[in-house]
Amino acid sequence: MVSIDLRETSGIVLAYLGDSVWELYVREFFILKGYNIRNLNKHVVESVNAKTQSRILRDIFDEVDEKYKQLINRSKNGNIKTFPRSCTVIEYREATGFEAYIGALYIDGRIDEIKNIIRKNLNGEDK
């Protein structure tokens, strides 16, 4: 990946990147589980949304390196102007922080850590 200074990069821009990275690796995770397309879509939709990302961030935040905690907090407090109706404003801000964290991990080449977050927080079992 290109050398990007995470301290200088907008949290919203990192969240934009992190959103696509998260979805890619979540899709890979469920494809490797062998699901058919209907179940793939169901699990991906359940996993790639603000409510789920907010929950995961709350669950893992204490374990996050300090360098990334600052980035997450900066991103959560970014200049977000619109919010979906499918979640609360707080959940959406937390999801933005989570996506920025994923984007930063990706930039730092820490793909295994992204996959570990997925493994630990998405079980993919039918409910």
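Which residues of helix α4 are buried? In this predicted model, helix α4 spans residues 66-76, and its buried residues are Tyr68, Lys69, Leu71, Ile72 and Ser75. Viewed down the axis of α4, these buried residues fall within an arc of 165°, so they line one face of the helix. An α-helix has 3.6 residues a turn, so residues three or four places apart point the same way. Glu66 and Gln70 are exposed, and they sit on the face of α4 turned away from its buried side.

The overall architecture is helical. The protein has six helices and zero strands. Along the sequence, the pattern reads α-α-α-α-α-α. Of its 127 residues, 44% count as buried. Among contacts with a separation of 6 or more, 72% join residues 24 or more positions apart.

Aromatic rings were examined next. A pair of aromatic rings is described by the distance of the centres and the angle of the planes. The structure holds four aromatic pairs. In one of them, Tyr68 and Tyr101, the ring centres lie 5.4 Å apart and the planes meet at 65°; the pair is therefore edge-to-face, as the angle is over 60 degrees. Tyr68 belongs to helix α4 and Tyr101 to helix α5, so this pair ties together parts that are 33 residues apart in sequence. Both Tyr68 and Tyr101 are buried.

Another pair is formed by Phe30 and Tyr35. Its geometry is tilted, with 6.0 Å centre to centre and 40° between the planes. Phe30 and Tyr35 are both buried. Ring pairs also bring in Phe29, which joins Phe30 and Tyr35 in a cluster.

Attention then turned to open space. Rolling a probe the size of a water molecule over the atoms shows where empty space is left. The largest pocket holds about 190 Å³ of space. Its lining comprises 13 residues. Ala15, Tyr16, Tyr92, Thr96 and Glu99 are the lining residues nearest the pocket centre. By class, the lining divides into eight nonpolar, three polar and two charged residues. Helices α1 (11-32), α3 (50-60) and α5 (89-107) each supply at least two residues of this lining.

Definitions and conventions:
Residues numbered from 1 in each chain as written. Predicted model: local features only at pLDDT ≥ 70, side-chain atom pairs only at ≥ 80, totals over all residues. Heavy atoms only, no water. 1 Å grid on protein atoms, 1.4 Å probe; cavity = no way out; pocket = protein on both sides within 12 Å on 5 of 7 lines; lining within 4 Å. Points joined across faces, edges and corners; volume = space filled by probe spheres on them. Helix = DSSP H or I, 4+ residues; strand = E, 2+ residues; numbered from the N terminus. Nonpolar A, V, L, I, M, F, W, Y, C, P; charged D, E, K, R; others polar. Buried < 20%, exposed > 50% of the residue type's maximum accessible area, 1.4 Å probe, protein only. Arc of directions from axis to C-beta. Phe/Tyr/Trp six-rings, centres within 6.5 Å; stacked < 30°, edge-to-face > 60°. Contact = heavy atoms within 4.5 Å.
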